[in-house]
Each structure stands twice: as C-alpha cells, then as structure tokens.
Amino acid sequence: MPEDVYPDKEVWQYVQTEFKKRDISAKEIAYHAWEHQKQFNDDLTVEEAEMAVHKVLEKREVRNALMVALAIDNLASAHQLPEPLQTIIAEDNPCFGVDEMLAINGIAQLYGSIAVSNFGYLDVHKSNAAKKLDSAQKNGGRIATMFDDCVSAIQACAEGYLAHNLTKNDLD
C-alpha cells in the first residue's frame, strides 16, 4: 500500500498567497513580537523575532489552523456560508468564540502558557497586524474574523518561543 504524503508544500503556498492578499507579512508580525518582548531581553533583535515567527509558521499544525481560518473567511467574504453562520462571521460577533478557540487550541497552545496568555492580551488589545485586519473588516473590507485571531496567535507563539529560548546568561 503506498504511503500517503501530506501536501505540506501546497498548504504552505496557499497560506503564503493568502497572507499576501491581505498584506500581512512574517516581518510585520515579528516586529510586534519584538516590541512586546524587548522589555524582557535588551539584546533581542528584530531578526531573532522574525526567526521565531518562521519557526512558528514551520509547524504543520499552525499551517493547518491557518488554512482552515483563511478558507472560512474566504467563504464568508464570498457569501457562501449558510445562515446564521454567514452573518455571525461577517459581523465578527463577539459571542461566537470559535475564532478564538481555533487560535488558542490550534496555534497558541503549541507554545505553552506564555503564548496562551499573550494571545489573550493580544485578542483584547489588537496592536499588530490583527488590528489592521480587524479594522479593514469593520470598514467593509475583506472578512478576517478567523484569520485576525490566528495572526495574534502567531505573534503570541513567537513571543513564547523567544521567552522559552532565552539562555541563563540572558536572565542574569
């Protein structure tokens, strides 16, 4: 029996294409991760934060969660979801919660309690690329109900990665 091969390359191409369509980059997410983490490590560079974002994006689980979030948002943008789900997602109804569940359970939890707690902060205080997505949607742009939370989760994971990978010398 032939071994099934997961389409990692195709998934990554889809995610990259969708990021570009939304004018979101790993570099942008990394800059905001660096802003939040530099208070804990004066020597931290934006390049290290960008490496952390790429580490997060390398995980198949993260890419899968992103693919699902992007597909749902795309379907909502094309008005192809059944009611009442279409309206709930199009209006980013705060009682929905599935967007946060996907971001937390599908992405943030992979990087531990720092990432999960940072996601909670970023979900409330959108100060990064997620804010750009959220604002665009509120102004009639592309629906990003699912994706904006995933972007916050990626940032939170990069912050968790950076925090967990500090050396003992960094803590002295």
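**Notebook: charges, loops and salt bridges**

I began with Asp 42, which I found in the loop between α2 (26–37) and α3 (46–58); helices here are DSSP runs of H or I with at least four residues, and strands are runs of E with at least two, numbered from the N terminus. I note that this is a predicted model, in which local features need pLDDT of at least 70 and side-chain atom pairs count only at pLDDT 80 or more, while totals for chains, interfaces and linings use all residues. Residues are numbered from 1 along each chain as its sequence is written, and side-chain values use heavy atoms, with hydrogens and water left out.

**Entry: the acidic surface**

I looked up the accessibility of Asp 42 and recorded a relative accessible area of 74%, so Asp 42 is exposed; the terms I use are buried for under 20% relative accessible area, exposed for over 50%, and partly exposed in between, with a 1.4 Å probe and protein chains only. The areas come from the Shrake-Rupley method with a 1.4 Å probe, and for residues only the protein chains shown count as cover.

Asp 42 belongs with Asp 43, Glu 47 and Glu 48 to a patch of negative charge on the surface. Patches are made of residues with over 30% relative accessible area and no salt bridge, like charges being joined within 9 Å and nonpolar side chains (Val, Leu, Ile, Met, Phe, Trp, Tyr) within 5 Å. Lys and Arg count as positive and Asp and Glu as negative, with His and the chain ends not counted; the place of a charge is taken as NZ of Lys, CZ of Arg, CG of Asp or CD of Glu.

**Entry: backbone in the loops**

In the loop between α4 (60–77) and α5 (85–90) I placed Pro 84, and I noted that the peptide bond leading from Glu 83 to Pro 84 is cis, with omega near 5°. The loop between α4 and α5 also holds His 79, for which phi is near 55°, a positive value in a residue other than glycine. His 79 counts as exposed because its relative accessibility is 62%.

Asp 92, in the loop between α5 and α6 (98–106), has a positive phi of about 50° although it is not a glycine. With a relative accessible area of 21%, Asp 92 is partly exposed.

**Entry: salt bridges**

I then turned to charge pairs, and the structure holds 9 salt bridges, a salt bridge being a side-chain nitrogen of Lys or Arg within 4 Å of a carboxyl oxygen of Asp or Glu.

In helix α1 (residues 8–21), Lys 21 and Glu 18 are 3 residues apart, so about one helical turn separates them; they form a salt bridge whose closest N and O atoms are 3.1 Å apart. Glu 18 counts as buried, since its relative accessibility is 3%.

Lys 138 and Asp 134, both in helix α8 and 4 residues apart, are spaced by about one turn of the helix, and the closest N and O atoms of their salt bridge are 3.2 Å apart. I recorded Lys 138 as exposed at 65% relative accessibility, whereas Asp 134 is buried at 10%.

Lys 126 forms a salt bridge with Asp 149, with the closest N and O atoms 3.5 Å apart. This pair links distant parts of the chain, 23 residues apart, with Lys 126 in the loop between α7 (112–124) and α8 (129–138) and Asp 149 in helix α9.

Is the pair of Lys 126 and Asp 149 buried or exposed? I found both Lys 126 and Asp 149 to be buried; for Asp 149, in helix α9 (residues 145–164), the relative accessible area is 2%. Not counting residues up to four places away in sequence, Asp 149 touches Asp 99, Glu 100, Ala 103, Phe 119, Asp 123 and Lys 126, contact meaning heavy atoms within 4.5 Å.

**Entry: distances along the chain and in space**

Ser 77, which lies in helix α4, is partly exposed at 28% relative accessibility. Leaving aside neighbours within four places in sequence, I found Ser 77 in contact with Arg 142 and Ile 143. From Ser 77 to Ile 89 I noted 12 residues in sequence and 9.3 Å in space, C-alpha to C-alpha.

Glu 35 is in helix α2 and is partly exposed, with a relative accessible area of 31%. Glu 35 and Arg 60 are 25 residues apart in sequence and 26 Å apart in space, C-alpha to C-alpha.
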